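The following note was prepared for a colleague who wished to have the main features of this model set out point by point. It begins with charged pairs and moves on to individual residues and the surface.

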Amino acid sequence: MAKNFEYTTLAHRYTARFPLLTYVGTQANFWILANLLLIAIIGLHSRIISQALNIPLTGRFLPMLTMAVLLGIVYGVSLGLLGYYLESTVFRKVSLGKIILFKALGSLGLLTLLLWLLRFVFFDLFILPSLYIPGIRLNEASWMYLFYLLLIYYFFMNLVISFINQVNKKYGPGVLLPLLLGRYRHPKEEERIFMFMDLKSSTATAEKLGHIRYSSFIRDCFADINGVLFAYRAQVYQYVGDEIVVTWPEREGLKNHFCIRFYFACKKQFEARAAHYMATYGFLPEFKAGLHTGKVTAVEIGEIKRDIAYHGDTLNTAARIQSVCNEYNKSLLVSEYLVNKLALHRGMKTEALGMIGLRGKAAKVGIVSVACMEDEVDQ
């Protein structure tokens with residue numbers, strides 16, 4: 001479990017530091033592997049034909065491997081750059097159908113470029129020295145069939161990489177491999193920090209805006225919150241109405257006070273976008289939040305819709321802490337247990353509220369209000 005935890009943590013940390021490099025690198029590595037697989041298939045197919053027709057094979061395999069790697073880099077980096085910038089700009093408010101269409105057209109254009117490189121650049125450099133039958137030449141029909149072959153192969157490989165990207169979006173970086181290895185098929189115990197963030201005065205806000213504009217308002221709020229997740233190594237556990245639940249592996253959340261500073265970074269993000277919120281909705285969003293840490297169990301659940309669920313008293317306590325924010329007129333409440341685990345920070349202004357009885361809990365919980373936190377992001 002420790003190894004899986006380290007892999008997921010390192011993947012999330014690396015993605016936070018180098019989002020573009022991570023995205024493009026994933027595409028390039030995948031297409032290198034896909035091209036190597038295609039070369040292996042073609043090589044085996046050639047040997048089958050040679051055995052069936054009793055044709056001797058000659059040539060070298062290394063140039064073909066080199067070509068596969070080069071084309072994988074060209075295709076992967078091109079698709080990666082295109083996808084990254086489109087998803088962060090144009091695709092944010094475009095329908096799924098248009099996204100699929102744009103990506104399909106982009107892939108077709110890149111595939112056409114790939115075939116052009118094969119025919120006029122790489123053929124003489126790599127393919128001819130590696131041909132099994134000396135003196136062979138490809139006519140127009142041969143190149144057309146090769147284009148069809150690449151079109152079908154790359155179409156299905158695009159589906160695979162799209163699936164990987166969607167899994168990464170749903171579960172976060174570094175979770176796919178543990179899922180494939182079955183880490184969450186049985187309950188696993190983890191130490192995690194949970195933050196429940198809920199929109200203040202949500203009922204009044206919904207009545208003021210109407211349900212259509214209110215939905216747009218919540219979408220914009222969550223988009224801004226998502227914009228600061230990586231910098232503070234935070235992971236979204238789930239969205240519930242106008243509430244977002246954020247989590248950290250305990251060691252990650254405690255480091256540099258990321259779990260506390262994340263909340264105030266969200267406030268700064270809203271303030272930085274004040275012109276948009278004031279012009280569109282007439283006010284800035286305000287969220288209240290509750291924080292707690294402890295042991296939870298993680299397990300893969302569901303048959304019709306699969307997900308990774310966390311269970312345990314830690315989540316219940318964090319949710320109950322957030323629920324008393326209005327009662328004490330505070331925006332951020334943290335369990336005393338979590339505050340005691342944090343190192344002292346001169347910019348962290350706290351106020352102990354004492355032992356408070358929370359709904360559904362027999363024992364009282366020590367709660368601390370955090371008023372502000374100096375923000376100096378240190379990865």
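**Notes on the predicted model**

1. Salt bridges. The structure contains 10 salt bridges.

2. Arg 273 and Asp 224. One of the salt bridges joins the side chains of Arg 273 and Asp 224, with an N to O distance of 3.1 Å. This pair links distant parts of the chain, 49 residues apart: Arg 273 belongs to the loop between helix 9 (258–272) and helix 10 (274–280), whereas Asp 224 belongs to helix 7 (residues 202–226).

3. Glu 250 and Lys 341. A salt bridge is likewise formed between the side chains of Glu 250 and Lys 341 (3.1 Å, N to O). Here too the pair links distant parts of the chain, since Glu 250 is in helix 8 (residues 250–254) and Lys 341 is in helix 12, 91 residues apart. Glu 250 counts as buried because its relative accessible area is 11%, below the 20% limit. Lys 341, at 32% relative accessibility, is classed as partly exposed.

4. Lys 330 and Glu 351. In the salt bridge between Lys 330 and Glu 351, the closest N and O atoms are 2.9 Å apart. Lys 330 is located in the loop between helix 11 and strand 6 (332–335), and Glu 351 in strand 7 (residues 349–356), so this pair ties together parts that are 21 residues apart in sequence. Both partners are partly exposed: Lys 330 has a relative accessible area of 21%, and Glu 351 has one of 41%.

5. Tyr 337. This residue is part of helix 12, which covers residues 336–341. The side chain of Tyr 337 makes a polar contact, at 3.3 Å, with the side chain of Lys 341. Lys 341 is also the salt-bridge partner of Glu 250. When residues up to four places away in sequence are not counted, Tyr 337 touches His 292 and Thr 293. The C-alpha atoms of Tyr 337 and Gly 294 are 9.0 Å apart in space, while the two residues are 43 residues apart in sequence. Is Tyr 337 buried or partly exposed? Its relative accessibility is 45%, so Tyr 337 counts as partly exposed.

6. Gln 322. Helix 11 (residues 313–323) includes Gln 322. With a relative accessible area of 5%, Gln 322 is buried. Leaving aside residues up to four places away in sequence, Gln 322 touches Phe 196, Asp 198, Glu 243, Lys 288, Ala 289 and Gly 290.

7. Cysteines and disulfides. How many disulfides does the structure hold? The number is 0. Among the cysteines, Cys 259 is at 0% relative accessibility and therefore counts as buried. Cys 325 is likewise at 0% relative accessibility and is classed as buried.

8. Nonpolar surface patch. Helix 5 (residues 140–171) contributes the largest share of the patch, 4 residues. At a relative accessible area of 40%, Met 144 is partly exposed.

9. The protein as a whole. The secondary structure comprises 12 helices and 8 strands. The protein has 379 residues, of which 44% count as buried. Among contacts with a separation of 6 or more, 75% are between residues 24 or more positions apart. The protein exposes about 20400 Å², and carbon and sulfur atoms supply 63% of that area.

Note on methods. Residues numbered from 1 in each chain as written. Predicted model: local features only at pLDDT ≥ 70, side-chain atom pairs only at ≥ 80, totals over all residues. Heavy atoms only, no water. Disulfide = S-S within 2.5 Å. Buried < 20%, exposed > 50% of the residue type's maximum accessible area, 1.4 Å probe, protein only. Helix = DSSP H or I, 4+ residues; strand = E, 2+ residues; numbered from the N terminus. Contact = heavy atoms within 4.5 Å. Polar contact = N/O pair within 3.5 Å; in protein donor to acceptor, adjacent residues only side chain to side chain. Areas by Shrake-Rupley, 256 points an atom, 1.4 Å probe, with all protein chains shown as cover. Salt bridge = Lys/Arg side-chain N within 4 Å of Asp/Glu carboxyl O.
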